[in-house]
Each structure stands twice: as structure tokens, then as C-alpha cells.
Amino acid sequence: MLKAVILIGGPQKGTRFRPLSLDTPKPLFPIAGLPLIQHHIKACKRLASCKEILIIGSYTTTTMAQFVNDMQIEYSPVIIRYLQEFTPLGTGGGLYHFRDQVRAGNPTAFFLLNGDVCADFPLEELWAFHEERPNALVTIMGTEATRQQSIHYGCMVQEPTTKAVTHYVEKPSSYISTLINCGVYVCSLQIFHTMADALQKEKTGFYSNGQGSPPPGYMSFEQDVLSPLAGTNKLFAMQVGNWWSQVKTAGSAIYANRHYLELQPRPQRQPGHVLPHVHVHPTADVDCTAVIGPNVSVGEGVTIKAGVRIKESIVLNNATINEHALVMYSVVGQGASVGEWSRVEGTPSDPDPDKPFAKMDNVPLFNSEGRLNPSITVLGSGVVVPAERIVLNSIVLPHKQLSRSFKNEIIL
């Protein structure tokens, strides 16, 4: 029997995802028609031996209750539960705090997945790889990055024959390796002994250093567990060529949306003129003259009127796109309205197609000159764009009624 644990953090994280996360917790943001972490749950459900999925984070239980209930119904008989941290405990602290729930039923091992990654999760292969190495405490799913981008991730040096990780550094200051950590693991239950030792070191450091140290119980899985395990022949990595990306910004959500849509089977019939790949919720009202796609997700209760053109975008629940409007490389928030003949457009932030293994560059909001970096356009919930306006490379906070066109601005 196997289990899975999904780490989703809390509301104080994911600030780069604002204003989208002001209305919907980032783990529940819809990508390709499904909440972000439902893609994780689907991947775990495909494993016949996976009997329970635990979601750990510091969001309130009431925030997650409806989602967990829906997942429990949809993916029965797999047990799906949410466990709320009493305070943010880091990527390792929450897992260790709920170790008894993870160990209950004596599973053979458990998968550990970061909630902010998107991937074609090869969990069967990862489990087979782990099983072949009886002394493995943790097996990491790894992928290739460019030399320049690798320093923004956990970097690993691997023994070529055994695939054991001999060196691991989280976000190093200088180049170490192009093999990076995907935030997807298989862990043996014995890992909790290693975590207990790591936590004891954290406690000792906290009480000796006093102010400025993390609170008791806080632990980084990457720095406090993986780094010390490297070189002990108990940490291994399986390099994959599958698609993988992080969701840190709204631009990365558009990129993930495209790939998840490609992985989904295409519906037999869809309203309007649809280019692949597109998800349209059954309750959406789409005019037959609208042209949608490629790579568009349309949410529940959305109205798309005559002559509309949408591509490379996510339109959230109950939004309205009026006649002959154009929406490209944008996220249109819940209940937002785009007026007739208006243009809402952003700049794609995809990986460089000329660089093999390039990942998303999650650039900061502002450049060194204090100007807004070009990125996708985000309309917060309830935003009203009047007729014949242009909104280009801009971020509009919720419930704003625009009086003019905007370019490269944040509208507060």
C-alpha cells in the first residue's frame, strides 16, 4: 500500500501570483479546467496501490473543505484528507508534524509532491526506480535545466552508474549541475528518523541563537533533509524527460495550461470555432461566431459573445467577453467584463525555444529601472473594461472599472 502527500503552503506564500490568489487559493486555481492540485490527485489515483492522499498546508480547514469533499466523492475509494498546520512549518516541518497520519496503516512508502509544480507525473516509473534500490530513503524526480537557470532550483550531482546523489544544494550561489530537483519524491518511512535528527539540530540552533531563527518545528525538506542525505548512498535521483514546470506567476499558469490541455483527451464537440487545445466548461455560453484557441480554458458560467477572439488565455468563472473583443496571453478574473471591440493582451513568458532544457524565467515584477517587466495581462475579479479600450501588459486589481486604456501599468 502506498500513500501520497501534497504540500500546498499557505496564504502568506504565492505573493507573485497575486491578484489571482486574492480570491482563490493558489492550489485551487483552475488550470486546464481543474484546480492546480487536482492534477496531482489524478496522477496519484492512477497508481492502483495508492490508497490515501494527504494534503498539508496552513490554509484554514474551511478554505479547503469543499474542495476536499468534492475530491473524496470524485476519486473514491481513495481517501483524501486535508491537514492544517498550526503555523507555517516549511516544506519538511508540516510533513514531520503529521508523521503519524502518514505512517498510519503502515504504507510501504509515500509520494511527496510540491503543490506548485505542474508535470506529466511519471509516478509509476518513479516508484519502480525507488523499489529497485532497497537502501534508498528518498528518490527525487529530476530534470535538466540550462546552466544559467539551474541555480534557481535545487541542484544535484549524481553518480552515473547507481544514480545516487552525491551532492545536493538548494539554490546555489554558483553553478553546480544542470540536474535539478522537480519537487516530486518517493520516500521510505525511515525518512522520519532522519527528519527527527534534523529537527533536533534546528531546535538546538533556535535555542542557542535566539532571535532571527525559524520557530521550533520549522524545517526545510530540501536544506535540512536532502542536503545531509547526499553522499550517504540513501538519496537517489531519476532523471526524466517529461514536461515539468513550476507555477510561481500568472504567466507560468498560462504555460502550464497549454501543456495540461495537450495531455487531456479532446472533447468530441465544443461550441464556437475551436482550435486545439481548448477546455470549455459545459455551462459556458459561447457564440458560434467566436474563435477560441489555441490553449484556452473557459470556466463555469462564462459568456463569450459574437465575433470574440481568445487565444493563450484563461477565462475564469462568470466572466463576460463582449462582442468582437480580443483576449490574448491574459487571465480574465471571476465576474470580470471585457467591453465590445476592446483588446486585452499580454506578453508571453514562455521558456526560450532556442535553448534546450530551458525552464520558465519567473522574472520579478519590476526590472532594475523600476519599470514593470512585460508579462501576461491579469484582470482581477469583477474588473470592468469598457468598450474600445486597450489593456496591454498590465495587472488590474479586483473590482476596478477602467476609465481609459492602459499599457505596462499596475492599476491599484
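I shall begin with the salt bridges and then turn to the helix packing.

First, the basis of the values. This is a predicted model, in which local features need pLDDT of at least 70 and side-chain atom pairs count only at pLDDT 80 or more, while totals for chains, interfaces and linings use all residues. Residues are numbered from 1 along each chain as its sequence is written, and side-chain values use heavy atoms, with hydrogens and water left out.

Side chains of opposite charge can pair when their charged atoms come close. By salt bridge I mean a side-chain nitrogen of Lys or Arg within 4 Å of a carboxyl oxygen of Asp or Glu. How many salt bridges does a search of the whole structure find? The search finds eight.

One of them pairs Glu52 with Arg81, with 3.0 Å between the closest N and O atoms. This pair links distant parts of the chain, 29 residues apart: Glu52 belongs to strand β4 (residues 50-57) and Arg81 to strand β5 (residues 79-84). Strands here are DSSP runs of E with at least two residues, helices are runs of H or I with at least four, and both are numbered from the N terminus.

Are these two residues buried or exposed, or in between? Buried means under 20% relative accessible area, exposed over 50%, and partly exposed in between, using a 1.4 Å probe and protein chains only. Glu52 has 10% relative accessibility and therefore counts as buried, whereas Arg81, at 31%, counts as partly exposed.

A further salt bridge joins Glu312 to Arg258, the closest N and O atoms being 3.3 Å apart. Glu312 lies in the loop between β20 (309-311) and β21 (313-315) and Arg258 in helix α8 (residues 250-263), so the pair ties together parts 54 residues apart in sequence. Both Glu312 and Arg258 are buried.

Arg343 and Glu345 also meet in a salt bridge, at 2.7 Å from N to O. Here Arg343 is partly exposed at 36% relative accessibility, and Glu345 is buried at 17%.

Now to the helices. Helix α1 (residues 36-45) packs with helix α2 (residues 61-74) at an angle of about 30°, their axes lying 12 Å apart; axes are lines fitted to C-alpha atoms over the stretch in contact, and angles run from 0 to 180 degrees between N-to-C directions. The contact (heavy atoms within 4.5 Å) involves Ile37, Gln38 and Ile41 of α1, and Met64, Phe67, Met71 and Glu74 of α2.
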